[in-house]
Amino acid sequence: MRITSRRGAFRTLSLATALALPLALVPAAAQAEPAPSPAQKKLVDSVTAPAVKKHLQALQTIANANNGNRAAGTSGHAASRDYVVGKLKKAGYNVTVQPFDFAYFEEKSTALMERTSPNPRVFAPTPPDGSSVGDFATMNYSGSGEVTATLQNVDLVLPPGPTPSSSNSGCEAADFAGFTPGNIALLQRGTCDFLVKAQNAQAAGAVAAIIFNEGQPGRTDTLLGNLGEPVSIPVLGASFAVGQELASATSVVHLKTDTVSEIRTTYNVIADSKWGDPNKVVMSGAHLDSVPAGPGINDDGSGSAATLAVAEALGKVPTRNKLRFAWWSAEELGLLGSTFYVDNPPAANLAKIKLYLNYDMIGSPNYAFKIYDGDDSDGVGSPAGPPGSDEIEKLFEKYFDTLRQGHNGTDFDGRSDYGPFIAAGIPAGGLFTGAEGIKTAEEAALFGGTAGEPYDPCYHQACDTTANINDKALALNTGAIATAAVVYAFSSDLPGPDTRAAATVRRAATDAGIDIHGRAKN
């Protein structure tokens, strides 16, 4: 059940209150500086509810006019980019539109797989929106097509070996010795990436490939696989049970996939203020792309709109430190935009970024106020962020504490654009109100809402519209974003050390063979 806030709850704190609370965290030497001027004290107040809501409505309107989404590489994202660029230029920023190529994938309609002989059977599909899991699923970056052909087993290990990767089905060209061109390859998970198996099958003349799970405990469910780059033949993932059934007799299979899988160009938007020390860059970011299934107003129109409103308020204000704002593309495909950015600037420029603040999903309808756990005080998952991340966490904690608003921590789990910055040794932090995870009873007691239900029941779905935003969550988080931006804009003692490690962006999830949304790669 979606939870909505009281009418009129959407507001930000006064700047006098907002600034007073985090300044208490600044070392004594910094506190001795002159108090903010009256003009500075008006900055947070100038980030108004109507401004944020106006940006959200604009993103919704763009999605409505562009097939219902704003996904990277689509006209909806291009229009979103142009909207943000126009607002930033008007606000006085030096704006860079940074292009990069990426592998675009979209499943346009639900796939079909059926055995036509012997013993005809229609298998249950997994729909493109992932709302349920069937007997099989289209692998990300599968080609599009419809074929009816004989299924041919390729070096299967049945029954499965005792441990994962006992099978190396399809990992070597030699596995396809004797393969009949024009057949569909039946492959088993194990040893190498799905892409290698699919490419070898295609090279052997297969018109499609079905890769089923390997069969050990924990490796029996339907494969939700990611090939990582486009292939031209249809490639499906299946459960172990389906694969074992298909392998037991020579079958004729009819399958159909309806996908777009190709290399496209998309764009990050980077805005630099014309003020402040260029050697001390305070950076904030949000991702501007949605998934193809919907308009992405909470994920992450909410972070994008609030960040844009804050940027507009600060664009023509002389600050001590240089402000940089970013709107990333292709986050939904694995943090591609932020990774490209961190991997490409010269090290000297990257070293000037003193901290990075990330805002991804800040208006979830069944929200929790989550602050990234910079000091690993929760002891969950990933370790602490780079030195200085703990200070950023404390700033946000103080903001909510002063409001007597409960909050809890959230792990640096690598699912959003702080990941590449942390890997580069840059202090990071930010805010999050929850995605597809389930709200606990303790969180319901702390924040209200409904325990046992997702924080955002419209996560990655068509219903992630302006109606999917909780005004209270968006309002308080916008106040926090504005507060952090102003505090760090004028601070003489920014979090963390002054020397940054060279950027080496290698997410642990990638090393483990898992993509950003939990789809296996091998």
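Why is strand S6 (residues 208-212) largely enclosed by the rest of the structure? Five of its five residues are buried, so the strand is largely enclosed; buried here means under 20% relative accessible area, exposed over 50%, and partly exposed in between (1.4 Å probe, protein chains only). Strands (E, at least two residues) and helices (H or I, at least four) are DSSP runs, numbered from the N terminus.

The model is predicted: local features need pLDDT of at least 70, side-chain atom pairs count only at pLDDT 80 or more, and totals for chains, interfaces and linings use all residues. Residues are numbered from 1 along each chain as its sequence is written, and side-chain values use heavy atoms, with hydrogens and water left out.

Select S6 and display its side chains. Ala-208, Ile-210 and Phe-212 point one way, Ala-209 and Ile-211 the other way, and all are buried.

Opposite Ile-210 of S6 stands Leu-186. Include helix H6 (residues 194-203) in the selection: S5, H6 and S6 make a right-handed β-α-β unit. Right-handed means that, with the strands pointing away from the viewer, the path from the first strand over the helix to the second runs clockwise.

**Salt bridges**

Side chains of opposite charge can pair when their charged atoms come close. The whole structure holds 11 salt bridges, each a side-chain nitrogen of Lys or Arg within 4 Å of a carboxyl oxygen of Asp or Glu.

Select Arg-219 and Glu-214, whose side chains meet in a salt bridge at 3.2 Å, N to O. Arg-219 counts as buried at 15% relative accessibility, and Glu-214 is buried at 1%.

Move to Glu-443 and Lys-370, where the closest N and O atoms of the salt bridge are 2.9 Å apart. This pair links distant parts of the chain, 73 residues apart: Glu-443 lies in helix H13 (residues 441-447) and Lys-370 in strand S12 (residues 370-372). Both Glu-443 and Lys-370 are buried.

Turn to the salt bridge of Asp-375 with Lys-394, with closest N and O atoms 3.8 Å apart. Asp-375 lies in the loop between S12 and helix H11 (389-402) and Lys-394 in H11, so the pair ties together parts 19 residues apart in sequence. Asp-375 is partly exposed at 30% relative accessible area, and Lys-394 is partly exposed at 38%.

Finally, select Arg-115, Arg-121, Asp-135 and Glu-245, which salt bridges with shared partners join into one network.

Terms used: Two strands pair if DSSP finds at least two bridges between them.
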